[in-house]
Amino acid sequence: MAVESRLALEDQLRDRLTRALRRDSSWGYQYGEFFGLLRENGINGFLFGGTVRDVLLKGATHKPRDLDIVLSQADFERLGGLVTVRRENRFGGLKCVFNAIQIDAWPLQKTWAIANGLASGTDFDALPGTAFFNLDAIVAEIAPPSG
């Protein structure tokens with residue numbers, strides 16, 4: 001893919017995610033409350049996989065089935081005290097609910113490819129390399145630092 005095409009796609013995704021997750025969008029207010037809760041508690045993570053892919057392919061008005069979130073181990077442990085935990089998911093993470101939002105969350109080190117020795121890394125730069133499909137390797141930071 002040409003660099004210009006990739007950059008245009010990144011801009012399109014950034015725009016769609018911003019519009020989709022604004023508190024005043026048709027469903028974004030729910031997600032805005034959740035992301036606000038994360039920020040208030042100093043938790044940062046990354047949207048990953050189907051959540052980001054669906055917004056890119058289906059547009060800002062499409063409501064994702066759930067949020068797929070990868071966190072640091074410490075933030076993952078703190079998240080469990082802020083949401084309703086339904087059960088452990090197949091990734092060794094948590095299947096959770098917050099105000100009717102379905103959430104699949106897991107720590108980076110329990111990402112399938114890292115846990116099975118097919119990828120390595122201890123920071124989130126390694127996350128895209130853990131996806132089975134290229135389109136699922138798109139990562140969006142939830143609460144990036146200012147600047």
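Which residue forms a salt bridge with Asp75? In this predicted model, the partner is Arg78, and the closest N and O atoms of the pair sit 3.6 Å apart.

Another of them links Asp11 to Arg14, with 3.2 Å between the closest N and O atoms. Here too the residues are three apart in a helix, this time H1 (residues 3–21), so they lie about one helical turn from each other. Asp11 is partly exposed, its relative accessible area being 48%. A further bridge brings together the side chains of Arg53 and Asp54, at 3.3 Å from N to O. In this pair Asp54 is buried, at 14% relative accessibility, while Arg53 is partly exposed, at 23%.

Six of the seven residues in E5 are buried, so the strand is mostly covered. Strand E2 (residues 67–71) pairs with E5 in the parallel sense, over five bridges. Within E5, Trp106 is the residue that stands opposite Val70. E4 also pairs with E5, but these two strands run antiparallel, again joined by five bridges. On the E5 side, Asp104 is the bridge partner of Lys95. As a general point, side chains in a regular strand alternate between the two faces of the sheet.

E4 and E5 form a hairpin with two residues between the strands, and Asn99 in this hairpin takes a positive phi near 45°.

How far can the predictor's confidence be followed through the model, and which elements mark the two ends of the scale? Strand E4 (residues 94–98) has the highest mean pLDDT among the elements, at 91, whereas helix H5 (residues 112–115) has the lowest, at 69. For the protein overall, pLDDT averages 77, and 75% of the residues score at least 70.

Terms used
Residues are numbered from 1 along each chain as its sequence is written. This is a predicted model: local features need pLDDT of at least 70, side-chain atom pairs count only at pLDDT 80 or more; totals for chains, interfaces and linings use all residues. Side-chain values use heavy atoms; hydrogens and water are left out. pLDDT is the predictor's confidence in each residue, from 0 to 100. Helices (H or I, at least four residues) and strands (E, at least two) are DSSP runs, numbered from the N terminus. Buried means under 20% relative accessible area, exposed over 50%, partly exposed in between (1.4 Å probe, protein chains only). Two strands pair if DSSP finds at least two bridges between them. A salt bridge is a side-chain nitrogen of Lys or Arg within 4 Å of a carboxyl oxygen of Asp or Glu.
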